[in-house]
Structure formats: structure tokens, C-alpha cells
Amino acid sequence: FGTAPAPWHSGLNPKERRRTMREVLHGRARIVIGARSALFLPFRKLKLRRYIFSKKKLRALCLKLTEQAGRRTVVGFGDWSNIDRAGFIKGRVSGPVKRLERELKQHCRVVSIDEYRTSKLHAECHRELSPQHSLRKMRDETERTVEAYSIRHCRAIGCRGATVNRDVNASRNMLMLLQVHLRGLPRPLPSGRPARCHGPAA
């Protein structure tokens with residue numbers, strides 16, 4: 001690793017524990033090897049440096065996105081990240097989505113886009129897309145037919161069996177919804193949410 005790791009476990013005496021804590025507190029310990037209790041060591045400086053680095057990266061990204069039109073830039077920002085607070089989208093840990101949104105708002109106009117059905121409707125014909133399936137070899141060496149998450153298929157006659165990337169298709173739909181919003185028009189019916197019935201219960 002290029003540096004000696006700092007130890008942290010129950011076998012350390014008080015003097016060794018204090019030394020490791022000082023190394024961590026002052027940012028001199030780049031690697032800590034120990035039990036789960038090592039997670040509670042005072043990684044304050046390390047966190048601060050990581051936060052500053054992340055802040056600079058986000059600012060650089062926002063400046064890159066707005067370098068042509070500046071504050072006149074309009075960004076359509078999907079709202080699904082607001083729902084997925086625990087970071088379970090696609091089974092992955094969430095990224096700095098909210099921080100990016102806040103940073104973008106300091107550089108341009110940000111419009112929240114309801115992502116409802118944006119990945120389910122074909123951006124060309126606005127018909128429902130069908131899942132694509134493929135054979136996959138499992139850990140037990142058997143082959144099973146599984147749904148391919150990133151690929152969708154359009155069965156509409158006019159699309160001639162088009163196969164689309166799920167995320168690219170969703171992005172195109174979100175761009176369309178942003179343009180509709182900027183023109184002051186209502187959301188197209190195929191991508192609208194179903195109306196709730198407020199009548200008396202049967």
C-alpha cells in the first residue's frame with residue numbers, strides 16, 4: 001500500500017490505541033485495519049477532504065454543462081431520486097444526486113420531471129414496451145431465461161420490432177416532457193398518472 005496500516009482491535013494497549021486515534025484524527029493514517037469498531041474512529045479530516053474534493057468535482061461538472069448558455073441553461077432533473085432515499089434503485093448504492101441537483105440550481109434553471117412511465121413507453125410511438133429476455137448461465141451451471149433490465153422491445157407495427165436501451169429511451173421521454181412543460185402544455189395522456197377515484201367506497 002505504500003504506507004504502514006494503523007491497527008485497531010481489542011488487543012491494543014491504551015498507549016497504542018491513543019497513537020492510532022491521533023494518526024486517524026490528524027489524517028496521517030491512510031489505511032486502518034481492525035474490527036468493526038474502527039468505523040467509529042475520528043475520520044474527521046479524511047471526510048472533510050473527501051467532501052471538498054466531491055464539491056469541486058460537482059462544481060466542475062455543472063460549469064461544463066452550462067458553459068454554452070450559462071444561466072439560461074435548463075436542466076430536466078428526474079424526481080425518482082427523491083423517492084429512493086435508501087439508494088435501492090437497480091440494487092446499487094445511491095450517488096450524490098441531491099447534491100448535484102442543489103449545485104445545478106446555483107448555475108441554471110432546474111425543472112423537476114416526473115419519471116412515471118418514462119422507461120416503459122417507447123419514445124417514438126408512445127406504446128408500452130415489452131421486456132427482452134435472454135439465456136443466462138447461473139452459478140449452479142444451469143441456464144435460465146431471465147429478463148434483460150437494460151433492453152426493451154417495441155411490438156408496434158410502425159416500429160418494426162425496434163429494440164431500445166431502457167435508459168436512453170427514458171432520457172428521450174424526459175426531454176419530451178421537459179419541452180412540453182416549457183411550452184406550458186399538459187402532460188401527454190399515455191405518460192400521465194391514472195386519476196384517483198374519490199367517490200364513496202362500495
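The largest cavity is lined by Tyr116, Arg117, Thr118, Leu121, His126, Asn173, Met176, Leu177, Arg187, Pro188, Pro190 and Ser191. The space inside this largest cavity comes to about 60 Å³. A search of the whole structure finds 1 cavity of 30 Å³ or more. The structure described here is a predicted model.

Asn173 counts as buried because its relative accessibility is 4%, and buried means under 20%. Leaving out residues up to four places away in sequence, Asn173 touches Thr118, Leu121, His122, Ala123 and His126.

**Overall make-up**

The protein has 5 helices and 7 strands. Along the sequence they follow the pattern β-α-β-α-β-α-α-β-β-β-β-α. Of its 202 residues, 27% count as buried. Among contacts in the protein with a separation of 6 or more, 56% are between residues 24 or more positions apart.

**Nonpolar cores**

The largest nonpolar core has 8 residues: Leu58, Cys62, Val75, Phe77, Leu100, Leu104, Cys108 and Val110. Helix α2 (44-65), strand β3 (74-78) and helix α4 (97-105) are the elements that give two or more residues to this core. Another core, of 7 residues, lies apart from it, and includes Val111, Ile113, Met176 and Leu177.

Phe77 is a member of the largest core. Which residues does Phe77 touch, not counting residues up to four places away in sequence? They are Val97, Leu100, Glu101, Leu104, Val110, Val111, Ser112, Ile113 and Met174. Leu100, Leu104 and Val110 in this list are also members of the largest core, while Val111 and Ile113 belong to the other core.

**The sheet of β5, β6 and β7**

In general, strands of a sheet pair through backbone hydrogen bonds, either parallel or antiparallel. Here, 3 strands form an open sheet in the order β5-β6-β7, with antiparallel pairing. β5 and β7 (163-165) are the edge strands, and each pairs on one side only. From one strand to the next, the twist averages 60 degrees. Helix α5 (residues 166-182) packs on the sheet and touches β6 and β7. The direction of α5 makes about 80 degrees with that of β7.

| Strand pair | Bridges | Sense | Residues standing opposite |
|---|---|---|---|
| β5 and β6 | 8 bridges | antiparallel | Arg136 and Arg144 |
| β6 and β7 | 3 bridges | antiparallel | His153 and Thr163 |

Strand β5 covers residues 130-137, and strand β6 covers residues 143-153. Together β5 and β6 form a hairpin with 5 residues between them. Within the turn, Glu141 has a positive phi of about 75 degrees.

Is His153 buried or exposed? His153 is found in strand β6, and it is buried because its relative accessible area is 18%, where the cut-off is under 20%. Leaving aside neighbours within four places in sequence, His153 is in contact with Leu129, Ser130, Gln132, Gly161, Ala162 and Thr163.

**A residue in helix α1**

Glu23 is found in helix α1 (residues 14-25). With a relative accessibility of 27%, Glu23 counts as partly exposed, because that class runs between the 20% limit for buried and the 50% limit for exposed. Setting aside neighbours within four places in sequence, Glu23 is in contact with Arg28 and Ala29. Glu23 and Ala6 are 17 residues apart in sequence, and their C-alpha atoms are 7.8 Å apart in space.

Glu23 in helix α1 is partly exposed, at 27%.

Notes:
Residues numbered from 1 in each chain as written. Predicted model: local features only at pLDDT ≥ 70, side-chain atom pairs only at ≥ 80, totals over all residues. Heavy atoms only, no water. Core = buried A, V, L, I, M, F, W, Y, C linked by side-chain atoms within 4.5 Å. Buried < 20%, exposed > 50% of the residue type's maximum accessible area, 1.4 Å probe, protein only. Helix = DSSP H or I, 4+ residues; strand = E, 2+ residues; numbered from the N terminus. Contact = heavy atoms within 4.5 Å. Pairing = 2+ DSSP bridges. Axes fitted to C-alpha atoms, helices over the stretch in contact; angles between N-to-C directions. 1 Å grid on protein atoms, 1.4 Å probe; cavity = no way out; pocket = protein on both sides within 12 Å on 5 of 7 lines; lining within 4 Å. Points joined across faces, edges and corners; volume = space filled by probe spheres on them.
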